[in-house]
Amino acid sequence: MEFEDEFSFEEAPQKLAETAKAEEPNPQPRDLESLPKEVQDATLARLKYIKWLKQRLVGGWTKKNLAPLLAEMTEFQGQEKPKWRTVAGWHADYIKAEEDIHALIPKHHRKGNRQARTDTDKFFELALTRYLTKEIPNVASAHRFYCDRIVLENEKVLAEPLQPLTYKAFKNRIDNLPQYEVMLERYGKRLADIEYNKVMSHKRPTRVLERVEIDHTPLDLILLDDELDVPLGRPTLTLLIDVYSHCVVGFYLGFQSPGYDAVRRAINHAMKPKSYLKSTYPEVVNEWPCCGKIETLVVDNGAEFWCQSLELACEEVGINISYNPVGKPWLKPFVEQFFKTINEMMLSPFPGKTFSNMLARHDYNPKKDAILRFGTFTMLFHKWIVDVHHQSADARFRYIPCEDWHKGFTALPPAQLTEQDTDKLDVVMCMAKEKTLRKGGIKNLHINYDSDELSLYRKRYSPKKSIKVKVKINPDDLSYVYVYLDALEHYIKVPSIDSEGYTMELSLIRHKIHLKFYRDYIQGKVDLLGLAKARQFIDERVKEEARQLKNVGSKTKVTGTKAIARAQGVDNTQVKSIAKMPEAKQAEPTPADTKPKKDDDDWDDFVSDLEAF
């Protein structure tokens, strides 16, 4: 699948020579400015010597004519005066090149063997093969392997022993290798392309909220609980930044892993007006004007950005999702750079700061030294965004975020959310699930939801006892859900059936934690060994009963036994057999006893009329 946006993408570089030829088909020759300073001075001195002699020379460029002039000539550019034969050669080259100064450039860099070969080259190649691996061994280990190979080889030969390269010479040969190919073998193609690929220019948006980048990052800071003052860990920040103005348009800060919930909360915060700012955080001085409908949301390839809920929600509110190519974060540079700015500029002096590099910590313990509560940091983060970042010029004094926002907003303001759009956004950005509507309503994570309207809908429009319906769940509050009524083509808000108030402002993550603790508690109370023994006993006893009945032989058909057992009260409190009839006193015979007896099967009809109790 190919992705296209305003960036131009390059094919991965091949060999360095091939890349140079492909990108520069008509290379321009080097000029004097590209030469080292000492080479430039030597070239200019030669030209001055030739011009000085040419103005005074009578006759040819021979020893007889040049020697007297060279004796009285002064030095130029601090260069030693040449011999007559040397200056005659310079002049000949200069005239042959049609008085081109490049003919006078010294050729000292071409002297000698520039690709030195030694008798130990084959061992260097073996060491190089060991060095160019994904395990990233250092040069010292490769040199040690190289020397060991030479020592073993010297043991086999009787001639003069081979002399290995010194560590410095060995390292120089390693450093002179094509670095792209070295990085390709040691770090892989992706990192090699990041380091050596050509970086194309970025197409600047023409208005605010035309292009907004979003991403997650764990902050390098340990925060404390607001009441218990215990370390909570590093929070994860989900942040949206406007490419046109460099303003932060919204964020979400929490301790859950990056997912759709964090993305939807951040998008909600970005699009809605920040009217809560003055009342919740009176310490913030300036306004936070960033709000409105986002045109294009640039995301990476995390699973939370590929979920169907986000795709449908963005389509619903008119946001176009632009997926960044895999392994190319530099094509989403603004939010990546801003994360670096937060960790380096804002968090650097805070107690409790962590380090990406464990070696940089030394004896510093971030959990022990953490003093910032989560609520305090949330206030400080708001203030830093609104009063510091938005009001500060960048390092090269090219822009001020709030000024660019006001300029872009004045020229072409983004579409704002109406009250109806805000209500719709709350529903659209909820988590969508398909649930079963049956008697008792809808159940989600052991919480039941029902209402009179939902019950009436099930009576009128449900052809079956249970039907599938689409449900929108607000992860911030499980006290209600939105249920889509397909026959009526609209959502209704259905409250939870909760007489104890458990679900009031209950978040999804808290509820899942409660369920996990409850399951762990129940599992801890279960006697697995006792259960196994009990089940084994039941199975063996059933098998024993089956063996005893099998040994009895054929059984005579007997009817009415269940009725007899009921009449005699056979139950768990009186475990007995119906064969043991209770003894009764003999009574005098009555006339009724002389009547013919009914068939034994009539007993079933008699006792069947008894009512249960």
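The legends below describe an overview and several close-up views of a predicted model.

**Figure 1. Overview of the whole chain.**
The predicted chain has 613 residues, and 36% of them count as buried. Its secondary structure consists of 22 helices and 13 strands. The accessible surface comes to about 40700 Å², with 53% of that area belonging to carbon and sulfur atoms. Where contacts link residues at least 6 apart in sequence, 64% of them join residues at least 24 apart.

**Figure 2. The nonpolar surface patch on α19 and α20.**
Six side chains are shown: Tyr518, Tyr521, Ile522, Val526, Leu528 and Leu531 make a nonpolar surface patch of about 600 Å². Two helices, α19 (508-525) and α20 (528-552), each supply at least two residues of this patch. The helix that gives the most is α19, with 3 residues. Leu531 is placed in helix α20. The relative accessible area of Leu531 is 34%, so this residue is partly exposed. Patch members need over 30% relative accessible area, a limit that Leu531 passes with its 34%.

**Figure 3. Glu213, a buried acidic residue without a salt bridge.**
Glu213 is found in strand β1, which covers residues 212-218. Glu213 is buried and has no salt bridge. The nearest side chain of opposite charge belongs to Arg211 and is 4.5 Å away. The side chain of Glu213 does reach the backbone nitrogen of Phe334, at 3.1 Å. Neighbours within four places in sequence aside, the contacts of Glu213 are Leu239, Leu240, Ile241, Val243, Val298, Lys332, Pro333, Phe334 and Val335.

**Figure 4**
Side chains of opposite charge can pair when their charged atoms come close. In this view the side chains of Asp175 and Lys171 meet in a salt bridge, with an N to O distance of 3.0 Å. Both residues belong to helix α7 (residues 167-175), and because they are 4 residues apart there, about one helical turn separates them. Asp175 counts as partly exposed at 39% relative accessibility. Lys171, at 31%, also counts as partly exposed.

**Figure 4. A salt bridge between two loops.**
Arg207 forms a salt bridge with Glu295, and the closest N and O atoms are 2.8 Å apart. Arg207 lies in the loop between α9 (189-196) and β1, while Glu295 lies in the loop between α11 (277-280) and β6 (296-299); the pair therefore ties together parts that are 88 residues apart in sequence. Arg207 has 23% relative accessibility and counts as partly exposed. Glu295 counts as partly exposed too, at 32%.

A salt bridge joins the side chains of Asp394 and Arg398, at 2.7 Å from N to O. Asp394 is buried, with a relative accessible area of 11%, whereas Arg398 counts as exposed at 53%. A network is also shown: Asp261, Arg264, Arg265 and Asp476 are joined into one by salt bridges that share partners.

**Figure 5. Glu434 and its contacts.**
Glu434 lies in strand β8, residues 431-437. With a relative accessible area of 59%, Glu434 is exposed. Apart from neighbours within four places in sequence, Glu434 is in contact with Lys468 and Val469. Glu434 and Val469 are 35 residues apart in sequence, and in space their C-alpha atoms are 5.7 Å apart.

**Figure 6. Two loop residues with positive phi.**
Leu445 is not a glycine, yet it has a positive phi of about 50 degrees. Leu445 lies in the loop between β9 (442-444) and β10 (447-449). Its relative accessible area of 28% makes Leu445 partly exposed. Glu505, likewise a residue other than glycine, has a positive phi near 55 degrees. Glu505 is placed in the loop between β13 (490-495) and α19. Glu505 is exposed, with a relative accessible area of 62%.

Conventions:
Residues are numbered from 1 along each chain as its sequence is written. This is a predicted model: local features need pLDDT of at least 70, side-chain atom pairs count only at pLDDT 80 or more; totals for chains, interfaces and linings use all residues. Side-chain values use heavy atoms; hydrogens and water are left out. Patches are made of residues with over 30% relative accessible area and no salt bridge: like charges are joined within 9 Å, nonpolar side chains (Val, Leu, Ile, Met, Phe, Trp, Tyr) within 5 Å. Accessible areas come from the Shrake-Rupley method with a 1.4 Å probe; for residues, only the protein chains shown count as cover. Buried means under 20% relative accessible area, exposed over 50%, partly exposed in between (1.4 Å probe, protein chains only). Lys and Arg count as positive and Asp and Glu as negative; His and the chain ends are not counted. A polar contact is a pair of N or O atoms within 3.5 Å; within protein, one must be able to donate a hydrogen and the other to accept it, and residues adjacent in sequence count only if both atoms are side-chain atoms. Contact means heavy atoms within 4.5 Å.
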